[in-house]
Amino acid sequence: MRQRYEELLTEEQKQKALRDSHSKRKPRFCGLTVHFTIGGCPYRCSYCYIYDMGLGTKPSPNPLSPEELTYAILANRYFVSGRYGTLIAIGAISEPFIFPERAISYLQELSMLGNPIQFSTKSYLSSSYANEISRLPAPINPLVTIVTTDLVDILEPYAPSVDKRLETIRNLSSAGLKTCLFLRPIIVGVNYREAKNIMELAYESGAQCVVIGSFRITYSIYLQLKNLGLDLKEVEQRINTKYLRKNPRKQYTIPLTTEEKRKLILLARKIGLTPFKSACCGNSSNANVICPSVCFETGFCTHCQNRCWERKRPELDAVREALRILGITAEIKKIINNKLLVSTWEDNPVIQVLARRLIKH
Ligand code: SF4
Ligand code: SF4
């Protein structure tokens with residue numbers, strides 16, 4: 001695949017792509033995060049952490065062309081191309097459809113790799129745009145974010161309206177895409193109580209699944225939400241605000257309790273939505289591939305119809321061969337509790353994934 005871009009791009013374009021962070025960044029558990037814009041997001045949601053990461057409110061399109069971006073990703077030593085390769089996750093640090101023409105050309109180019117692609121959005125996507133997305137040659141899993149209907153003016157005053165987002169769900173679903181509601185962040189004591197209503201609205205609009213996610217807080221988000229008059233008592237019970245103040249830009253997760261998660265999962269099922277506790281499950285399930293973050297080995301599996309735990313795992317020799325093909329030197333030490341221990345597993349996501357994928361002998 002890389003050869004195509006070696007021939008297509010000039011030396012200058014290739015050097016530009018190789019300087020870009022997409023050619024170096026390690027994937028996260030949701031996959032390799034791919035950014036269609038740089039500089040930030042204009043929607044200024046009150047709970048958003050990107051502004052504490054130094055990003056602003058005036059985004060511009062990613063300076064790489066679709067071909068350069070794809071080349072950068074293919075040059076990333078942690079990225080494995082193809083349907084069973086690295087998940088691609090779009091929308092982590094900005095709204096990806098701010099520049100819709102640009103966004104579709106990125107999607108068109110990236111989808112030629114065949115990797116499962118997931119995007120999260122609050123934008124209005126028309127039915128013709130949704131149809132264009134549905135014709136792409138890779139599995140595409142849209143996540144449409146809705147976290148409140150009662151507190152829109154406080155939490156998301158500048159983002160597209162909830163009605164428009166429900167219409168987006170309708171358009172994407174009608175185009176044949178398995179569309180999930182992205183119910184994140186759920187802030188205890190603030191919007192947790194709205195979850196049922198939001199899931200019902202999304203279901204009525206055609207959503208088939210929901211990804212439930214907790215809340216990442218920094219000190220400035222805490223102050224901002226407090227200044228907006230929200231009652232943060234329950235949040236304060238879960239985090240010592242002294243830590244927040246000490247390290248003001250650091251992100252902390254305000255977790256949901258097991259019981260809270262269990263209730264949301266039961267509710268989602270009752271409504272008719274397939275619940276996921278992590279975004280990678282939505283993407284894997286849509287692509288019908290085993291979850292590469294191996295959520296079925298951890299507490300994140302919600303036992304969806306993908307049934308990863310039943311799928312055939314690679315044999316030890318196949319793992320060895322995969323490492324050899326990928327040019328990764330790693331010593332397979334031993335197998336404990338069906339997990340491979342390899343010497344370099346902490347600092348290499350490819351190994352990490354292979355090592356967690358294991359093998360029942
Ligand atoms: S739309 Fe997303 S990236 Fe933009 S401000 Fe809101 S939460 Fe942040
Ligand atoms: S079966 Fe479990 S691990 Fe696999 S995609 Fe579904 S929820 Fe995730």
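## Labels and their cut-offs

Biologist: Which residues line the second largest cavity?

Modeller: Val34, His35, Phe36, Thr37, Ile90, Gly91, Ala92, Ile93, Ser94, Glu95 and Pro96 line the second largest cavity. This is a predicted model, in which local features need pLDDT of at least 70, side-chain atom pairs count only at pLDDT 80 or more, and totals for chains, interfaces and linings use all residues. Residues are numbered from 1 along each chain as its sequence is written, chains are lettered from A and ligands numbered from 1 in the order in which they are written, and side-chain values use heavy atoms, with hydrogens and water left out.

Biologist: What makes a space a cavity, and what makes a residue part of its lining?

Modeller: On a 1 Å grid over the protein atoms alone, a cavity is a set of points where a 1.4 Å probe fits but cannot get out, and a lining residue has an atom within 4 Å of a point. Two cavities of 30 Å³ or more are found in the structure.

Biologist: How are the residues lining the second largest cavity divided by class?

Modeller: Six are nonpolar, four polar and one charged. The rule is that Ala, Val, Leu, Ile, Met, Phe, Trp, Tyr, Cys and Pro count as nonpolar, Asp, Glu, Lys and Arg as charged, and the others, Gly among them, as polar. Glu95 is in this lining, and Glu counts as charged.

Biologist: Which residues surround ligand 2, and what makes a residue near a molecule?

Modeller: Near means that one heavy atom of the residue lies within 4 Å of the molecule. The residues around ligand 2 include Cys281, Phe296, His303, Arg307 and Trp309. By class, this shell has eight nonpolar, three polar and one charged residues. Ligand 1 is surrounded by Cys41, Tyr43, Arg44, Cys45, Tyr47, Cys48, Tyr51, Ser94 and Lys122.

Biologist: Is His303 called buried or exposed, and where is the cut-off?

Modeller: Buried means under 20% relative accessible area, exposed over 50%, and partly exposed in between, with a 1.4 Å probe and protein chains only. His303 has 55% relative accessibility, so it counts as exposed. His303 lies in the loop between H13 and H14.

Biologist: Why are Arg44 and Arg307 given the label they have?

Modeller: Arg44 has a relative accessible area of 40%, so it is partly exposed. Arg307 is at 39%, so it is also partly exposed. Arg44 has a phi near 50°, a positive value in a residue other than glycine. Arg307 is not a glycine either, and its phi is positive at about 45°.

Biologist: Why is helix H3 called largely enclosed?

Modeller: Nine of the 10 residues of H3 (residues 66-75) are buried, so the rest of the structure largely encloses this helix. Helices here are DSSP runs of H or I with at least four residues, strands are runs of E with at least two, and both are numbered from the N terminus. The buried residues of H3 pack against helix H1 (2-8), helix H2 (11-19), strand E1 (32-34) and helix H4 (100-111). Contact means heavy atoms within 4.5 Å.

Biologist: How much of H13 is buried, and what covers it?

Modeller: Nine of its nine residues are buried, and H13 is mostly covered. Among the elements covering these residues are strand E4 (88-90), strand E5 (117-121) and strand E11 (274-276). Just after H13, Asn288 takes a positive phi of about 60°.

Biologist: What share of the whole chain is buried?

Modeller: Buried residues make up 54% of the 361 residues. The chain has 15 helices and 13 strands.

Definitions and conventions
1 Å grid on protein atoms, 1.4 Å probe; cavity = no way out; pocket = protein on both sides within 12 Å on 5 of 7 lines; lining within 4 Å. Points joined across faces, edges and corners; volume = space filled by probe spheres on them.
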